[in-house]
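Here is a short report for a first look at this structure. Please view the model first, then read on.

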Amino acid sequence: MKKSNLIVFLLFVFQIVFSQGISDKDKLARALYDKALKNLNDFKCSESLYYSQKLLNYSLQKNKPELAAVAYNIIGLNFEEFGDLKKSAQYYDSGLKYADIAKNDTLRNYIFNNMGNLYYFKFKDAIKSLYFYKKCYEISKRVDAPIDVAFSEINLADVYLELKQYDEAYKFLTLVQQKIKPTDYEIGMSFYSLMGNYYEMNQDFKKAEYYYLKCINDFKYLNLAIHKAHQSDIYLLVSRFYEKKNDPVKSLQFLKKHDSLQDILFNQERKFEFRKAGGDLEVLENKLKVQQIETDKKIQEQKIQEARRFTTIVLIFLAILIVFLVFIFKGYVNYKELNSKLFENNEQLKLAQEKTEEATKLKSQFLSNVSHELRTPLYGVIGMAQILESEHKEIKDSPYFNALKFSSNYLLTLINDVLNVYKIEDNDIEFNYELIDIRKEINHINESMNVIAKSNNNELIVTISEDFPQYIKTDLTRFSQILINLVSNALKFTHHGKVEIKLDLIEKDSSQLIQLQVIDNGIGIPKEFLDKIFEKFVQVDVHLQEQYKGTGLGLSIVKRLVDLFKGTISLTSEINKGSNFTIVLPFLKIDTNLEVHQLNTYHSDHLKPLKILVAEDNKINQMVTKKLLEKNNHYCRIVENGLEAVNSATSEYFDLILMDINMPELNGIDATTKLRALGITIPIIALTASDKENILKDIKENNNGLTDVLVKPFEYQDLQLIISKYIN
Ligand code: ADP
């Protein structure tokens, strides 16, 4: 917008825009506003001020900040019009404060625009005006008012041209160009004249002339009063341009046009009633000053109120924050407590674990010790009974003697069972797979079980299917343990009946499996016991079975051993009809030729008389072992400890040494090591009441020279078997 047409134009826009601040229903406000505006339009400033002041009073009474902003803006325009620019700026500023309170962007936009004009055109302060125009630009873009945006761009281009920042000016002109419509006369006029001006500044007179002439030709028919001033300015601008271009004829031509328009404008020029206005203005000014103070007070109050509101909000927020923090802190404390509790629990758990491990170790140690301590005297008892029996045949019929034999055997089974079950539980068991002639081994078991079978008048039958291989690969000790447990149970709980050991090779999922069955037609097991019979210490509690004594460990050992074999066990049983224990074990393939050859080198049936050195410190055991060996035609030399064993074995030849482990002076292991160091190569069999597995482990790991282990008390067959392995 160019300089002199500013007010006229503003008034034109004002009518539309500022009426936005006034509701149509508010008739009084609208009347006051219309009058203030019309009088300003007619340059009757004192009247205009009179109505705008009334509007201001009204707005303050009704507490309508947008009306106050409108009123102050008209007051500012009035003061600008009659040249009191400082006051004009002050009143615009007050208007702006109310527009802020009303939060009305349209009002703010136009007051900023007025201030920009004031500084640009009146104060000639382009830099400051730039600040206000930029504000306008910002707001009009934000509220999406395209016309306002275009005006702001025109203003900015104008100021940048003034500041000789041509690139910036061109940038805004280009933006305006995109928005011009044929009906936007004001924008069009401003745009073309500014373009002319831009090219003139850049010494491109041809283009400058083009735009100037386009501006004049396009808009020469505009006859509206509001355009006249702008047209007049443009004529002057073009006249000066031609002057610069050294075209005095054209320069004069446009100067004349300018002058004639100026005449028209002058004729309708404002008739300030300066005298009247001067008197009124003084009163008005005083009033306005008072109002200004009130306004400031009100603004202050409003600010205080806002500050209060803000403080309240901040306080509420702080309170919430504190509550929140308290919760977080509490949570943190809880978390810490939990964490430390967890840590404590973990520590306790660790401690408990360590204790458990220690206890387990102690338990194993204890079991091993106890079994050793119990088995040693038991060896004496059982051995003595055997000697008595063989030397005094008549004693066989004595019930006391039989009770003694039964009790000692029972005690031995009990100790072995307890030891076994705990060893399996501790996973302290290693399988030793070897090739066995299954028919032969089952026959052995059959023979030894026959004695028990007879006592209950049972018949013990072995059925091995024809296709069952002669040799299988298994851990003989564990396999026998399973079979013996099952068969002895079957014989125990069957009277005048039949017990069958059945062995088959079955096929399942295209793999071969060993099926071992122990079937009896004895008293059977009640249904409710079938699924718990394999648990530790479980025995059927019925009167029928009261007479049977047992530990309740046998089947649990069987089950665990079957598990270790990676096999399965199942049971069917019916009261008074009998039971069927079926075990299925994996069948391991063997290289028959090679392994059977090895196997056939062992033959235990007929042993030639041997010269055996026995190192044993327990007197009773010495007697028992000696009797046992001599009874089987072996020569036996007894020595008291390891040291004596070393002396005897180095000074005399023996076929074999049976070496007790726990002995005074020199224990069995150290004595063996010494003997091996002295070049003695004969088999040395450890004779121990301790746990066999531990000694075997020791032999494997420490290579202590022992050949094998025989656990006391032993039957002669056990000894015979072990000797036959090492002596041809
Ligand atoms: P024990 O025989 O030492 O008591 P087991 O674990 O071997 O312990 O057996 C547990 C119980 O299962 C026995 O006490 C008995 O009641 C029952 N039982 C085991 N086998 C048979 C069987 N063949 N016939 C009847 N009852 C049996």
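## A nonpolar surface patch

This is a predicted model. A nonpolar patch sits on its surface, formed by Phe-310, Val-314, Leu-315, Phe-317, Leu-318, Leu-321, Ile-322, Phe-324, Leu-325, Val-326 and Ile-328. Together these residues have about 1,000 Å² of accessible area.

Take Phe-317, one of the patch residues. Phe-317 belongs to helix 14, which covers residues 274-391. Is Phe-317 buried or exposed? Its relative accessibility is 52%. Exposed means over 50%, so Phe-317 counts as exposed.

## A buried leucine

Leu-161 gives another view. This residue lies in helix 8, residues 146-162.

Tyr-198 is 37 residues from Leu-161 in sequence. In space, the two lie 6.9 Å apart, C-alpha to C-alpha.

## Cysteines and disulfides

How many disulfides does a search of the whole structure find? The search finds 0.

Cys-215 has a relative accessible area of 2%. For Cys-636 the value is 4%. Buried means under 20%, so Cys-215 is buried, and Cys-636 is buried.

Definitions and conventions
Residues numbered from 1 in each chain as written. Predicted model: local features only at pLDDT ≥ 70, side-chain atom pairs only at ≥ 80, totals over all residues. Heavy atoms only, no water. Helix = DSSP H or I, 4+ residues; strand = E, 2+ residues; numbered from the N terminus. Disulfide = S-S within 2.5 Å. Buried < 20%, exposed > 50% of the residue type's maximum accessible area, 1.4 Å probe, protein only. Patch = residues over 30% accessible without salt bridge, like charges linked within 9 Å, V, L, I, M, F, W, Y side chains within 5 Å. Areas by Shrake-Rupley, 256 points an atom, 1.4 Å probe, with all protein chains shown as cover. Salt bridge = Lys/Arg side-chain N within 4 Å of Asp/Glu carboxyl O.
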